[in-house]
Amino acid sequence: MQQAPRSEPVTGYPAPAYPNGGGQQYPVGGGGQQYPMGGGGQQYPMGGGGQQHPYVAYPQQGPLYYNNNDGPFATRSFFRAFIGTMICLVIIFAVILLITFLVLRPSFPSFQLNALSISDFNTSSQLLSATWHASFLTLNRNKKISLTYHAIRSSIFYKNYFLTDSLSPPFRAETNSENTINATLSLSQTYVDPAVIRELDSDTNHRASITFDVQLLASASFHSGSWRFRSLLLKVLCEDVTLAISSKATSGNFIGGPRKCQVWN
């Protein structure tokens with residue numbers, strides 16, 4: 001006689017109960033025994049036709065991940081702090097410059113053309129020869145600021161036509177001081193536009209005088225104790241300076257006395 005198969009208990013984690021209360025069964029592959037699962041009545045098929053054992057269902061878990069939000073938040077906080085610090089430094093620096101400006105009250109120096117003469121003047125064969133001697137007086141009216149002139153270039157123009165220029169040596173202008181800048185500008189048998197030659201000859205023949213414009217460019221920096229401000233390019237223009245010279249003369253002198261010059265940056 002064939003002995004009936006013995007049922008053996010299987011240990012494991014308890015399977016979760018199903019809400020439908022049980023009763024539902026799934027067919028076993030070979031028509032074998034079925035076992036209830038969990039606390040309800042639902043059963044699952046086991047094996048292929050022999051003894052079947054209960055299947056232990058493990059509780060399902062969602063996907064594991066790490067909360068890495070601290071990285072971007074920390075980066076944004078760092079940039080906010082950096083930008084805020086830079087803005088504060090710029091504001092502080094601007095306030096310091098404003099206070100310094102209000103205390104020192106820097107102003108541009110004034111210039112005037114004290115003398116201008118011409119010699120060796122000749123316009124033959126459409127070539128121009130001449131030598132100009134110019135003397136400027138500059139006044140630094142700042143009571144707490146001195147100036148250093150690094151480069152000074154003087155130029156002569158005739159009716160907006162550039163003729164020649166020259167450089168003068170650098171110097172330092174102390175507070176409340178007057179200084180003289182001398183410049184010598186010359187041309188020797190230099191070709192110029194024929195229309196310029198004709199107008200020069202016309203001035204000397206009919207008016208016995210020639211009117212020039214004198215320009216001065218100076219690179220200067222302001223100082224006050226240990227403070228040094230950025231260098232500025234000062235532009236000085238003395239317009240309509242007339243020299244008395246006739247057609248038969250080779251030299252001429254300044255007419256009208258000292259001339260105030262315009263100064264701007």
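I counted four salt bridges, taking a salt bridge as a side-chain nitrogen of Lys or Arg within 4 Å of a carboxyl oxygen of Asp or Glu. The model is predicted, so local features need pLDDT of at least 70 and side-chain atom pairs count only at pLDDT 80 or more, while totals for chains, interfaces and linings use all residues. Residues are numbered from 1 along each chain as its sequence is written, and side-chain values use heavy atoms, with hydrogens and water left out.

I looked up Arg153 and Asp165, which form a salt bridge with the closest N and O atoms 2.9 Å apart. Arg153 is in strand β5 and Asp165 in strand β6 (residues 161-168), so the pair ties together parts 12 residues apart in sequence. Strands (E, at least two residues) and helices (H or I, at least four) are DSSP runs, numbered from the N terminus. Arg153 is partly exposed at 36% relative accessibility, and Asp165 is partly exposed at 29%. I used under 20% relative accessible area for buried, over 50% for exposed and partly exposed in between (1.4 Å probe, protein chains only).

I next noted Arg207 and Asp203, whose side chains meet in a salt bridge at 3.8 Å, N to O. They are four residues apart in helix α2 (residues 194-207), separated by about one helical turn. Arg207 is partly exposed at 49%, whereas Asp203 is buried at 7%.

Last, I checked Ser155 in strand β5 (residues 146-158). Ser155 is buried at 6% relative accessibility. Leaving aside neighbours within four places in sequence, its contacts (heavy atoms within 4.5 Å) include Asp165, Leu185 and Asp213.
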